[in-house]
Amino acid sequence: MKLQEALRKVIRQFGGSVIQEKRLMSFLADYKAFDDYPAVKEVMRAIATGDWGKELCRLATDASDADYLRYAESLKETLVRERNFKQEFADYAVDSISLAIGVSSQVTVTEPGDHGYEAVRKNTGEQGSRSAQEKGSAQGGSTPPGGSAERQKPAPGKESPRTVRTVSGDPWQTASEGAESHRRFYRGKDLTSAFDDGTFSRSVADGSFRDILPGDFITKEITVPGTAGRGTETYTVKFIIADLDIALNQGSSGVTQHHAVIVPEGPVFDSCMNPTDTNKGGYAGSYMNKTVMPAFARGLAGAFGTEHLLRCSFDGSGRASSDPLSCTCRLMTLSMVFGQAPLPDSGLDWSCYIKDSCMGGNQLAAFSLHPELRGHNRRYWVSDSCSWSSSNFAVVRDNDDGVNAHAAGASSAYDGVRPFALLV
């Protein structure tokens, strides 16, 4: 996707102020906005993490288009002069922001001719180095000779053992090791090969979650045995890392191992909650839980290996392993998708089967950091049943305006299936 198109989507979802936020980079990466011109990523990072993004947002809101565009032109010059970025990359980044933010429809975005990874000019001389150093000092940091502060890496052997190193080297993606630190960031890196070679599992097992962040993903081909209305089918599924260690030593889940929560990027297939319109017995007694989830669990086991899937009590009751709710996957709750805040369609009253505050009561980090991931343009079931009806369960849907919401779904209707599981 072109940079200006990705920016427009992000701004529509999160507002113009996202231009000045560090998380902008992960959203743009998610839309593959840097695939055509990888070097532009460095320019966009400089804008989003410095005062320039704040000033662009302020002028877009409070100033005239003419004042904004004058500043935008001067910013291009500043990026070239003080950061030594190539002119074509500075022009492309700033013009893309101007067009996406809606300041003027007269802005023309000229795409760079360079598809390489090097954002800075070569052989720029001492003056360029001094300017970059002065800029680093002005922003409260020191710049070692030979490069900008945000690109410097510690000398070999001097790295802190409690520091995560990411491939991109983004300072804002660097955090202390551990689930609590990592769940604050959304990235979007393909970890399939890391899982296949065992690197992923080792980083989970020791609790460091080294180079694992929400939004990262593992792609697997899974074969799901047939249930009523469906034969055995094989799917290629992109599993998103949605959160980390949500069940560790919580309630009566029985989980004592570090783990990552995985959720399909979107519904994998459609099924009914019950063959007839009833929610008697809640999710625990449903056809979905008793028949569909075990079939999906077998597909997960074939793709990831049984040794990598945690079997636990998802309702915090400490149930025996033979109980239907003690399993390796199940549907999410409304709270896991939306959090504890008042939900759209609040006139509907839901009775959440899961009572444990950690196993189903809190919003998954990926949905909090990247709300667009919640709906994914298809309706899908969650495990909450209607307290005012004997026939409905809750479904998540996208409104026409793109806002994720929930609604009542007749139990016999066929809607999407999007379970979560705990991966080690």
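Me: Helices here are DSSP runs of type H or I with at least four residues, strands are DSSP runs of type E with at least two, and the numbering starts from the N terminus. With that settled, which helix holds lysine 76?

Reply: Lysine 76 lies in H5, which covers residues 65-83. Before we go on, please keep in mind that this is a predicted model, where local features need pLDDT of at least 70, side-chain atom pairs count only at pLDDT 80 or more, and totals for chains, interfaces and linings use all residues. Residues are numbered from 1 along each chain as its sequence is written, and side-chain values use heavy atoms, with hydrogens and water left out.

Me: Why is lysine 76 called buried?

Reply: Buried means under 20% relative accessible area, against over 50% for exposed and partly exposed in between (1.4 Å probe, protein chains only). Lysine 76 has 6% relative accessibility, so lysine 76 counts as buried.

Me: What makes the pair of lysine 76 and aspartate 95 a polar contact?

Reply: The term asks for a pair of N or O atoms within 3.5 Å; within protein, one must be able to donate a hydrogen and the other to accept it, and residues adjacent in sequence count only if both atoms are side-chain atoms. The side chains of lysine 76 and aspartate 95 are joined at 2.7 Å, and this pair is listed as a polar contact.

Me: Why are the buried residues of H1 said to line one face?

Reply: The buried ones are Leu3, Gln4, Ala6, Leu7, Val10, Ile11 and Phe14. Seen down the axis of H1, they fall within an arc of 155°, so they line one face of the helix. That arc is taken over the directions from the helix axis to the C-beta atoms. Among the elements covering these residues are H2 (24-30) and H6 (87-101).

Me: What makes strand E13 largely enclosed?

Reply: Five of the five residues of E13 are buried, so the rest of the structure largely encloses the strand. Pro419, Ala421 and Leu423 are buried on one side, and Phe420 and Leu422 on the other.

Me: Why do E1 and E7 count as edges of their sheet?

Reply: The open sheet has five strands in the order E1-E2-E3-E13-E7, with antiparallel pairing. E1 (217-224) and E7 (329-331) each have a single partner strand, so one side of each is left without a neighbour in the sheet.

Me: How do you know that E7 and E13 pair?

Reply: Two strands pair if DSSP finds at least two bridges between them. E7 and E13 have three bridges, in the antiparallel sense, and cysteine 329 stands opposite alanine 421 in E13.

Methods
Contact = heavy atoms within 4.5 Å.
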